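Visitor: I'd like to learn how to read charged side chains in a protein. Could you show me with an example?

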Amino acid sequence: MDAIHIRDLELWAHVGVLEQERRDGQWFRLDIQFELDLSSAAVADDLSASLDYSQAIQALQMLGREICCLTIEHFLSLIHISEPTRPERIGGGGV
């Protein structure tokens, strides 16, 4: 199995214990890993056999604007990302 890693993706999301964090949002930094078989893409140099991770990033950015919740764990469960390590909050109040 191959993997595509996206590290330090900055994502604005409405997540936090404090009401203003959920209302106004704050920056988070996520590491994401996609595990898939990329062997045919590598052999044939075929982009259509690979993952267009820009679409995944755009979808995450859209969900970050739409979802409002108390915990990053709940946010991650809604976007179907497991949490091997806790995402780092970049700024704002306390999560």
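Visitor: Is Glu10 buried, partly exposed or exposed?

Guide: Relative accessible area decides: under 20% is buried, over 50% exposed, and in between partly exposed (1.4 Å probe, protein chains only). Glu10, at 39%, is partly exposed. Keep in mind that this is a predicted model, where local features need pLDDT of at least 70 and side-chain atom pairs count only at 80 or more, while totals for chains, interfaces and linings use all residues. Residues are numbered from 1 along each chain as its sequence is written, and side-chain values use heavy atoms, without hydrogens and water.

Visitor: Which side chain meets Glu10 in a salt bridge?

Guide: A salt bridge puts a side-chain nitrogen of Lys or Arg within 4 Å of a carboxyl oxygen of Asp or Glu. Here Arg29 partners Glu10, at 3.7 Å from N to O. Arg29 sits in strand β2 (residues 26–36) and Glu10 in strand β1 (residues 2–15), so the pair ties together parts 19 residues apart in sequence. Strands (E, at least two residues) and helices (H or I, at least four) are DSSP runs, numbered from the N terminus. Arg29 is partly exposed too, at 22%.

Visitor: How many salt bridges does the whole structure have?

Guide: The search finds three. Arg23 pairs with Glu19 at 3.8 Å and with Asp24 at 2.9 Å, which links Glu19, Arg23 and Asp24 in a network. Glu19 and Arg23 are four residues apart in helix α1 (residues 19–24), about one helical turn. Glu19 is exposed at 53%, whereas Asp24 is partly exposed at 42%.
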